[in-house]
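Please open the model in your viewer and keep the selection panel at hand. Each stop below names what to select and then describes what is there.

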Amino acid sequence: MAKRERWQKNFSEWFSDILRDADIMETRYPVKGLFVWLPHGLKLRNSVLGIMRRLLEESGHQEVLFPQLIPENLFKKEAEHIRGFEGQVYWVTHGGHDKLDVKLALRPTSETSIYPMFSLWIRSHADLPIKLYQVVNIFRYETKMTKPMIRLREVTTFKEAHTAHADADEAEAQVMEAVKIYKRFFDELGVPYVVSKRPPWDTFAGARYSIAFDTLAPDGRTLQIGTVHNLGQNFAKVYGLKYEAAGGKHHYVYQTCYGISERVIAAVIMVHGDDNGLCLPPNVAPIQVVVVPIPYKAKEAPVEQIATAVKNELATAGFRAHLDDRNLRPGNKFYYWERRGVPLRLEIGPEDVAKEQVTAVLRDTGEKRAIPRKALGTKVKQMLDEIAENLRERAWKLFRESLKDAPDLGATKGIVKKRGGIARLPWCGQESCGKEIEEQTGGDMLGEELDGAQAPAGTCPICSKRAKTSVLVAKAY
RNA sequence: GGGGCCGUGGGGUAGCUUGGUCUAGCCUCCCAGCUUGGGGUGCUGGUGACCCGAGUUCAAAUCUCGGCGGCCCCA
C-alpha cells in the first residue's frame, strides 16, 4: 500500500494515465492544448472551486462575469502588459464572412476588459474598495509543449480577482489578505507550497511586483499554483481609474489582482497520488465513501440489504456515499475505486453481517478496521478527518525534505539537474547575477521567500559579494 | 529558440527495413451468457484499427511530400 515508485520515477506517464483511468480528463481532443473535463474530474474541479468561492465571499469579494472578447484598442493600452502577452493572444478577426473593423482578443487574462469598466464605476472614495472576482476560461497561444491541466492553450478554470483601493497601503494590505486566503485554500486541500516574491524579470506584465505560490510535482519540478500581483497605479493611469477624495481632489486608484487556475487541481492529484491512482482529500472527493457488498452465494440477500441501508444512512448523514452493486468480483471493485481516489471504502460481507459491523479500508494507508454498525456515522467522520490530516502531513513532509539549502552553485546545480526539488541559496540581489544563476544551473529563480526569516548567509555565488537575501531556485514546469 | 523520434481497434503493441502472403497477429479493456464472489474468478462467444491529404506504383499500414497530433533531448 501507498507504493509510490511509478508515481515518482515515471511521473509524467503516471499523470496522463491517471487522468484517463480515473475519468478526470479526456486528453485526445484534436486541438493542441485543449482538453475535455469528464464527469468525475469536473465534480472534483467544482468542489475545489467551491472552497475558493467560500473563502473569497467570506472576505468580501463578489463574483462577476465579464465577456470573453476584448477589443484590440483596449487590450493594447497598457504597454508593459501587451509586451508580456501579445505573443500569446488568439485574435478573432472575422464575423461570418465579414472582416471585423476592430479585431477582438480572446482574453488571455482580464485586466484590459475589467478595468475600463472600473473607470465607469469608480466615482468617489465611497466606491472603494472594489473587490471582484470571476471564474472563466482564458486562451493563451502556448508555443511550448502543452500538458493537461498544467500548460494549456485554453485554461478552463481561471479564477481571477481584481481589486481597487484608495491608497497604496490599502492595496498592500489587500496583497497580504490574498496571500492569506490562498494559504488557507491550499491548506484545506493539503497541498504544500512555498510563497515567494518573483524576481523583477519574472513579474506579471504591468505589475509592480508579483508574489507566487509554488508546489512540487513528484518528479521534483515546481509547479506555480497561485499568483498575487500588486499593480500599483500602472493600469489606473492607463484606463483613467480616478476617484474623488474627501477633500474634493482626484486621485488614481491602487490595484491588485490575483489568480488561481486548474493547476491547483493538478496539484491535488499529483501530491496525494500513489501507484494505485488518485487519493483525494475527503472535502473535495466526488465520492467520499464507497460501499462494496461481498455477496457470498446463498447469502446475497442480507448482505445487499444491509449494504443498501448503510449507504442510505451515510447519504442521509450528509456524506457523499456510493453503493457499488455491480456484478463484479470485489477485488476488481477495490482497484476500480482506489484508482478514482475514493478516500474510504466500506466492505460488507457475511462475516460483517453476522458481527453487526462493517469493514472499513482507508485509501491512503490501506489499513483495515472493523467498525460497529451502531457507531457508523461518527466513525466515518473520524476516519475521513484522519485521512485528510494524514494526506496533508505526508505531502508536507515530502515537500520540506525537498527544499534544501545549497551553499554554492555546484550544490544548486546538483539539485536542479537531478530534479531533486528546490534549492535555497544566497544572492546579492543583482539581476545580472540572478540570470546567471538561472543560466548556469538550468533552473528558474522562484524568488525570495515571503516568510523566509532566515539570514542571508554567505556570498552570491556569481559575484562573491555579500548576499543581500536568499532565493529559491528549481526546475519549474 | 535548436535538434531528434513517433502516429495500427477504447488503452498497450506486432507487422514497415526488403510494397503483394494483411481477409492486419497478440495482450488488455468493453459487450453477452454461464460461473464466481473478503484484493484484478474461470470458460465460451462477440464488437472494434492502419491520423488526414496528396504523390509514386499494376499494387501502400509499409516508400515520398505536406498538414494535424503526440513524445523526448538541448538552450
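**Before starting.** This is a predicted model, in which local features need pLDDT of at least 70 and side-chain atom pairs count only at pLDDT 80 or more, while totals for chains, interfaces and linings use all residues. Residues are numbered from 1 along each chain as its sequence is written, chains are lettered from A and ligands numbered from 1 in the order in which they are written, and side-chain values use heavy atoms, with hydrogens and water left out.

**Stop 1: the domains.** Select chain A and colour domain 1 (5–272), domain 2 (289–383) and domain 3 (403–474); these bounds come from an automatic or database domain assignment. The C-alpha centres of domain 1 and domain 3 are 27 Å apart. Their contact (heavy atoms within 4.5 Å) takes 18 residues from domain 1 and 18 residues from domain 3.

**Stop 2: the RNA.** Select RNA strand B next.

- A polar side-chain atom of R329 is 2.4 Å from a sugar or linking oxygen of RNA strand B.
- A polar backbone atom of E351 is 2.8 Å from a base oxygen of RNA strand B.
- A polar side-chain atom of K144 is 3.3 Å from a base nitrogen of RNA strand B.

**Stop 3: helix 11.** Helices (H or I, at least four residues) and strands (E, at least two) are DSSP runs, numbered from the N terminus. Select helix 11 (330–339), which supplies seven residues, the largest share of the surface near RNA strand B. In helix 11, K333, F334, W337 and E338 are buried (under 20% relative accessible area; exposed is over 50% and partly exposed in between, with a 1.4 Å probe and protein chains only). The buried residues fall within an arc of 130° seen down the axis, so they line one face of helix 11. The arc is that of the directions from the helix axis to the C-beta atoms. Their cover includes strand 16 (289–293) and strand 19. Just after helix 11, G341 has a positive phi of about 85°.

**Stop 4: E347.** Not counting residues up to four places away in sequence, E347 touches several residues, including F334 and D352.

**Stop 5: helix 14.** Finally, select helix 14 (residues 409–417), whose buried residues are L409, T412, I415 and V416. These residues are on the same side of helix 14 because they cover an arc of only 125° around the axis. On the other side, G410 and K417 are exposed. At the start of helix 14, a side-chain oxygen of D408 reaches to within 3.1 Å of the backbone nitrogen of G410.

Key: Polar contact = N/O pair within 3.5 Å; in protein donor to acceptor, adjacent residues only side chain to side chain.
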